[in-house]
Amino acid sequence: MNMYYVIDLREKMNKNPYITFWRPNDAGYCYPVPWAGEYTEARIIEGGHYYTCRRFQEKTRDYTGIWERIAVRTDLIKPFCIDPAYGLIDGNVGPVIANTGKIRTALRRLRFALPEESSAA
């Protein structure tokens with residue numbers, strides 16, 4: 001069974017040192033991968049746009065912008081993992097993922113596409 005992390009890539013998070021994950025049971029945010037919640041594929045599908053959504057576009061008044069909340073399979077994030085800088089995280093818990101434009105783009109490419117997206121393509 002595939003498991004997923006929900007990753008928050010909103011523009012306001014771009015200045016954070018590390019990629020922001022959702023904690024278990026939709027309860028807050030974290031940087032360390034061990035603190036991130038693991039969600040089943042069924043839950044991601046059932047939650048739909050709560051777990052995967054695009055940025056709202058003021059000009060068009062709809063959600064057609066860049067993907068800002070995504071679900072990525074847990075096994076696909078391992079190549080991005082690094083140790084955190086000393087003192088940035090309680091207990092220096094890691095691994096974490098550096099928050100760079102290149103990594104955000106790579107993660108977006110790995111995102112889970114909801115079934116309705118696949119059928120619309």
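In this predicted model, a polar atom of the Asn99 side chain lies 3.1 Å from the backbone oxygen of Asn16. Asn99 is placed in the loop between β8 (96-97) and α2, and its relative accessibility of 12% counts as buried.

**Surroundings of Asn99**

- Apart from neighbours within four places in sequence, Asn99 is in contact with Met13, Asn14, Asn16, Pro17, Tyr18, Ile19 and Arg104.
- One of these partners, Arg104, is a buried residue of helix α2.

**Helix α2**

- Helix α2 spans residues 101-109, and Ile103, Arg104, Leu107 and Arg108 are buried in it.
- Viewed down the axis of α2, the buried residues fall within an arc of 140°, so they line one face of the helix.
- An α-helix has 3.6 residues a turn, so residues three or four places apart point the same way.
- Lys102 and Arg109 are exposed, and they sit on the face of α2 that is turned away from its buried side.

**Nonpolar cores**

- In soluble globular proteins, nonpolar side chains tend to be buried together.
- The largest nonpolar core has 17 residues, of which Ile7, Ile19, Phe21, Ile77 and Leu107 touch the most other members.
- Two or more residues of this core come from each of β1 (3-8), β6 (62-73) and α2.
- The element that gives the most to this core is β6, with three residues.
- Leu107 is in contact with Ile7, Ile19, Ile70, Val72, Ile77 and Phe80, leaving aside neighbours within four places in sequence.
- Another core, of nine residues, lies apart from the largest one; among its members are Tyr4, Trp22, Ile44 and Ala71.

**Aromatic pairs**

- Seven aromatic pairs are found in a search of the whole structure.
- Tyr5 and Phe21 form an edge-to-face pair, with 5.3 Å from centre to centre and 70° between the planes.
- Tyr5 belongs to strand β1 and Phe21 to strand β2, so this pair ties together parts that are 16 residues apart in sequence.
- Tyr5 is buried at 7% relative accessibility, and Phe21 is buried at 0%.
- The ring centres of Trp22 and Tyr51 are 5.6 Å apart and their planes are at 55°, so this pair is tilted.
- Trp22 is buried, with a relative accessible area of 6%, and Tyr51 is buried at 3% relative accessibility.
- One aromatic cluster is formed by Trp22, Tyr39, Tyr50 and Tyr51.

**Asp26 and its partners**

- Asp26 lies in the loop between β2 and β3 and is partly exposed at 27% relative accessibility.
- Not counting residues up to four places away in sequence, Asp26 touches Tyr39, Arg43, Tyr50 and Tyr51.
- Among these residues, Tyr39, Tyr50 and Tyr51 also belong to the aromatic cluster described above.
- Asp26 and Val6 are 20 residues apart in sequence, and their C-alpha atoms are 9.0 Å apart in space.
- Asp26 forms a salt bridge with Arg43, in which the closest N and O atoms are 3.1 Å apart.
- Arg43 counts as partly exposed, at 30% relative accessibility.

**Salt bridges across the structure**

- Side chains of opposite charge can pair when their charged atoms come close.
- A search of the whole structure finds three salt bridges.
- One of them joins the side chains of Arg10 and Asp8, at 2.8 Å from N to O.
- Arg10 is partly exposed, with a relative accessible area of 22%, whereas Asp8 is buried at 3% relative accessibility.
- Asp75 and Arg73 also form a salt bridge, with their closest N and O atoms 2.9 Å apart.
- Asp75 is partly exposed, with a relative accessible area of 40%, and Arg73 is partly exposed at 26% relative accessibility.

Conventions. Residues are numbered from 1 along each chain as its sequence is written. This is a predicted model: local features need pLDDT of at least 70, side-chain atom pairs count only at pLDDT 80 or more; totals for chains, interfaces and linings use all residues. Side-chain values use heavy atoms; hydrogens and water are left out. Buried means under 20% relative accessible area, exposed over 50%, partly exposed in between (1.4 Å probe, protein chains only). Helices (H or I, at least four residues) and strands (E, at least two) are DSSP runs, numbered from the N terminus. The arc is that of the directions from the helix axis to the C-beta atoms. A polar contact is a pair of N or O atoms within 3.5 Å; within protein, one must be able to donate a hydrogen and the other to accept it, and residues adjacent in sequence count only if both atoms are side-chain atoms. Contact means heavy atoms within 4.5 Å. A salt bridge is a side-chain nitrogen of Lys or Arg within 4 Å of a carboxyl oxygen of Asp or Glu. A nonpolar core is a set of buried Ala, Val, Leu, Ile, Met, Phe, Trp, Tyr and Cys residues joined through side-chain atoms within 4.5 Å. Rings of Phe, Tyr and Trp (its six-membered ring) pair if their centres lie within 6.5 Å; planes under 30 degrees apart count as stacked, over 60 as edge-to-face and the rest as tilted.
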